[in-house]
Amino acid sequence: MTAYFLEDTAVLTGRSLRHITRSLDTIITTAITPIAIMLLFVYVFGGAIDTGSASYVNYLLPGILLITIASGVSYTAYRLFMDMKSGIFERFQSLPIARSGVLWAHVLTSVMSSMISVAIVVGVALLMGFRSGAGVLAWLAVAGILVLFTLALTWLAVIPGLTAKSVDGASAFAYPLIFLPFISSSFVPTDSMPGPVRWFAENQPVTAIVNTIRDLFAGQPVGTDIWIALAWCVGILIVGYVFAMITYRRKIA
Amino acid sequence: MTRSQVQGPAIHVQGLTKNFKDLEVLRGVDFDVARGSIFALLGSNGAGKTTVVKILSTLLNGDAGTVTVNGIDVAAKPGKVRESFSLTGQFAAVDEILTGRENLVLVARLRHLDNPAAIADDLLDRFSLTDAGGRKVATYSGGMRRRLDIAMSLIGNPPIIFLDEPTTGLDPRARIDVWEAVKELSAAGTTVLLTTQYLEEAEHLADRIAILHEGRIIVNGTLAELKQLLPPAKVEYVEKQPSLEDVFLALVGDDDANINADATGKE
């Protein structure tokens, strides 16, 4: 049965990619909120924020990319929920296929659609004056971290996708994830925050990831932040995957 | 995918139980379905019909008892069993964003068949969906969705088909189309297990009927055997008025031309 895992996953991924190309609005709405936040912060609040770096858009972009990914994965939960509700998930599960391919297809689609949204946001940032001195390796490292972050959040998104009772329930889990970058070093340096908030901001995953991407974009050495960032991503990925699989097995047994 | 030469019943269920937490849904269900027959599982809402179908189709595990489909134990070899049957669930499980044709091609590819495009075209033709094949399923009527749903279940010619309430929510015209499809399948040698809450449907289609009530099969037999359970019929003279269904079908027409018109026209 697993002999067909790759073939079945490819067929099912092709199907969910078609969903995306036929409802481009999901990619546009995924990109539009982060772009609006970016415009607001760069052109309205940014003038009053002292980050110590020359260009605020350069400072801001890493956090905006994480917000983009967090809002993108809520559509993954939505698509999975719709498959559960319509019964097509059960149809796939009753076919002689590699069953886990159904989930993997959603996960791969999530990564691809998130990366398209990320590319759109980076394009807008370039128009707004974002510049990077990063070399090819640094860009690849940024892409790698973003893919890892997307995978981690996607496996978390699978859980509400499988268990939600309503469309709103399926996508609501993403709100705290979208909000998390606001209490991090994404928008302002953490030094200005009061004690407990600062402690939270400095020890939550977004700050380490944002600092790492910011250093990579600036062509700076990344320091220990990259290991903390990777540890968070891999940690969330493993926890998300394990709980998603437990949820999945409960659903089909 | 080939019709198995295995002897014995197509479906064998013995002592099947299933609890959801404290709720005893199935309390020892026993029945056999002979190869090539149409078997109707009749019961009111909540009787456990869907639970039986889900266990037969490896979507749920039973708590106790033996279940074999096409001679294969569903608990021991679920992957093998899935090659023997096809499931048409309670709600038309079709992909609304894809076209009808793409839905068929998708299933044919997942069943690893050669020439998915030809299989899709053939089924679109058989189910009078050729003209609608290039449209998104979201634009289909309920009857067209159900026809597509059943067409998707026929891909790969599985020897056994499970139909869970195939006509619930359909209009009379679409219901008759589904009945015709079921009869054709059976004529071609496919074993059909269908669940229904409509007595008329079981009476019309099934070779054998079992009534599932409070988690057990309380009767199981042919229509004639079931009728003998009650006192013999007495003769009464009643003026035969046309039923509303007769009127409806007479007015909207009852021929094949109308099936095609339904598929292509009104949406």
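In chain A of this predicted model, residues 24 or more positions apart account for 80% of the contacts with a separation of 6 or more. The C-alpha trace of chain A spans about 60 × 35 × 35 Å along its principal axes. Of the 253 residues of this chain, 42% count as buried.

The largest nonpolar core comprises 134 residues, and the members that touch the most others are A:Leu60, B:Ala40 and B:Leu104. Helix α3 of chain A, which covers residues 56-86, provides the largest share of this core, with 17 residues. In soluble globular proteins, nonpolar side chains tend to be buried together. For B:Ala40, the residues touched, leaving aside those up to four places away in sequence, are B:Leu194, B:Thr196, B:Ala202, B:Leu205, B:Ala206 and B:Ile209.

Chain B contains an open sheet of four strands, arranged in the order β2-β1-β4-β5 with antiparallel pairing. Strands β2 (23-33) and β5 (72-73) of chain B stand at the edges; each has a single partner strand, so one side of each is left without a neighbour in the sheet. The partner of β5(B) is β4 of chain B, residues 64-69, and the two strands pair in the antiparallel sense over two bridges. Within this pair, B:Val69 stands opposite B:Ile72, a residue of β5(B).

Between the two chains, 20 residues of chain A are in contact with 20 residues of chain B. On the side of chain A that touches chain B, helices α1 (5-22) and α4 (88-93) of chain A each supply at least two residues. The greatest contribution to this side comes from α1(A), with six residues. By residue class, the side of chain A that touches chain B divides into nine nonpolar, five polar and six charged residues.

Technical notes:
Residues numbered from 1 in each chain as written. Chains lettered and ligands numbered in written order. Predicted model: local features only at pLDDT ≥ 70, side-chain atom pairs only at ≥ 80, totals over all residues. Pairing = 2+ DSSP bridges. Core = buried A, V, L, I, M, F, W, Y, C linked by C-beta atoms within 7 Å. Buried ≥ 20, exposed ≤ 12 C-beta atoms within 10 Å, placed from the backbone. Contact = placed C-beta atoms within 7 Å. Nonpolar A, V, L, I, M, F, W, Y, C, P; charged D, E, K, R; others polar.
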